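Please keep the sequence and the structure in view while reading.

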Amino acid sequence: MAHKPQKYELGLIGYPIHASLSPKIHKAALEETGLAGHYRLYPVPPGEPHALADMLERVRAGEIHGLNVTIPHKQAVIPLLDELSETAAAIGAVNTISLKNGQLRGDNTDAQGFWHDLQNLLREDKMGHKPSQPPPGPPQALILGAGGAARAVAYALLQNQWTVTVAARRFEQAQSLANHYACHNTRQAPRISSSKYQASQLADLLPALSLLVNATPVGMKAHAPGSPWPEGLPLPPMAAVYDLIYNPPRTHLMRDAELAGLRVRGGMGMLVEQALIAFEIWTGRKLPSSFMV
Ligand code: NAP
């Protein structure tokens, strides 16, 4: 950042956002770094393009120093920006906006946030269990869901040489995600595929999986209780399980996976990691996620 403000004005645009945990994380980050500032919620309902454009103009004017973007604006902000990071361009979604050299810039910190936190899961050893031996060959992941978060997760895994299968209840959505990366980077094409979200279609994949990611909202406290895993299908025997949901901290899927002796992790670590990467973009200050513990 060329110019360091005396007081950082940061915030989140999206809708609905009243339950967001971002203010808590960024307030803690400001306190930890000794920087003065606020992180405010700016609810912008869908279908109000002028309200969205006004918020971005406040960043351009230097009145706001950084914005996070969440549903439903992660794609809608793109035409209003001057430039995109390589990651945001590849994923096709923006969750962090800053002003760099007078240019409104969009980043996506979800992919890196997921990847950082995934390392905690992959090196974790469950008490009393040996870490499961990964199946031979390139590591393989199955992602359930094909929305915005699944896109970021798939990108992170593909960039790190994983092989990825995406399963979604609307098969065409899974196909569209796989095609997006296959077309964006032909070197990734052979490593991403789509599957129907059915026990009979997924069963053959299971022995080869090193990772299962839930990127659906199934298991969220208020939204959809239950497990996203198809009933009657055994869990993949050698996979670690990453559930992007952070509320509740232990989901139905995580409980079932633990009972099956698998390593599990919920989405809180990713949430903190993606926030701290955004905080660094805005302030130049890097914090380890451990400071939140
Ligand atoms: P999204 O764009 O709405 O995508 C959700 C995906 O899940 C879609 O493929 C959707 O299919 C599918 N889905 C929804 N309900 C389903 C059901 N009952 N059964 C099967 N599939 C279902 O949402 P998102 O932004 O990707 O978020 C997905 C989850 O990740 C949410 O729980 C969110 O809280 C979490 N998340 C966590 C973090 C973190 O930092 N930990 C970051 C981002 C997201 P349809 O399109 O057919 O509904």
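In which loop is the place of P248? P248 is located in the loop that runs between β11 (240-243) and α8 (252-259). The model under discussion is a predicted one. The protein is divided into two parts, namely domain 1 (8-108 + 270-292) and domain 2 (125-262). The points below treat the domains, the ligand and several individual residues in turn.

**The two domains**

- Taken over C-alpha atoms, the centres of domain 1 and domain 2 are separated by 27 Å.
- Seven residues from domain 1 and nine residues from domain 2 take part in the contact.
- The size of an interface is often expressed as the accessible area that is lost when the parts come together.
- Between them, domain 1 and domain 2 bury about 810 Å², and 66% of this area is on carbon and sulfur atoms.
- On the side of domain 1, the residues A90, I91 and M270 supply 63% of the area buried against domain 2, which is more than any other three residues supply.

**The ligand and its surroundings**

- The ligand is surrounded by 21 residues, of which A146, A149, R169, R170 and Q173 are the closest.
- The ligand lies between domain 1 (8-108 + 270-292) and domain 2 (125-262), because both domains give residues to the shell around it.
- Two helices, α5 (148-159) and α9 (268-283), each supply at least two residues of this shell.
- When sorted by class, the shell around the ligand consists of 13 nonpolar, six polar and two charged residues.

- A polar backbone atom of A146 is 2.9 Å from an oxygen atom of the ligand.
- A distance of 3.0 Å lies between a backbone N or O atom of G148 and an oxygen atom of the ligand.
- In the case of R170, the side chain is involved: one of its N or O atoms is 2.7 Å from an oxygen atom of the ligand.
- On its own the ligand has 920 Å² of accessible area, and the protein covers 77% of that area.

**Backbone geometry**

- Most peptide bonds are trans, and most residues other than glycine have a negative phi.
- The peptide bond from Y15 to P16 is cis, with omega near -5°, and P16 is found in the loop between β1 (8-14) and α1 (22-33).
- The peptide bond from N247 to P248 is likewise cis, with omega near 10°.
- N101 is not a glycine, yet it has a positive phi of about 50°; this residue is found in the loop between β5 (96-100) and β6 (103-107).

**The position of T163**

- T163 belongs to strand β8, which comprises residues 163-168.
- Which residues are in contact with T163, leaving aside its neighbours within four places in sequence? They are P138, P139, Q140, A141 and R191.
- From C-alpha to C-alpha, T163 and G62 are 42 Å apart in space, and they are 101 residues apart in sequence.

Conventions. Residues are numbered from 1 along each chain as its sequence is written. This is a predicted model: local features need pLDDT of at least 70, side-chain atom pairs count only at pLDDT 80 or more; totals for chains, interfaces and linings use all residues. Side-chain values use heavy atoms; hydrogens and water are left out. A residue is near a molecule or strand if one of its heavy atoms lies within 4 Å of it. A polar contact is a pair of N or O atoms within 3.5 Å; within protein, one must be able to donate a hydrogen and the other to accept it, and residues adjacent in sequence count only if both atoms are side-chain atoms. Accessible areas come from the Shrake-Rupley method with a 1.4 Å probe; for residues, only the protein chains shown count as cover. Helices (H or I, at least four residues) and strands (E, at least two) are DSSP runs, numbered from the N terminus. Ala, Val, Leu, Ile, Met, Phe, Trp, Tyr, Cys and Pro count as nonpolar, Asp, Glu, Lys and Arg as charged, and the others, Gly among them, as polar. Domain bounds come from an automatic or database domain assignment. Contact means heavy atoms within 4.5 Å. Buried area is the accessible area (1.4 Å probe) that two parts lose on being put together, summed over both.
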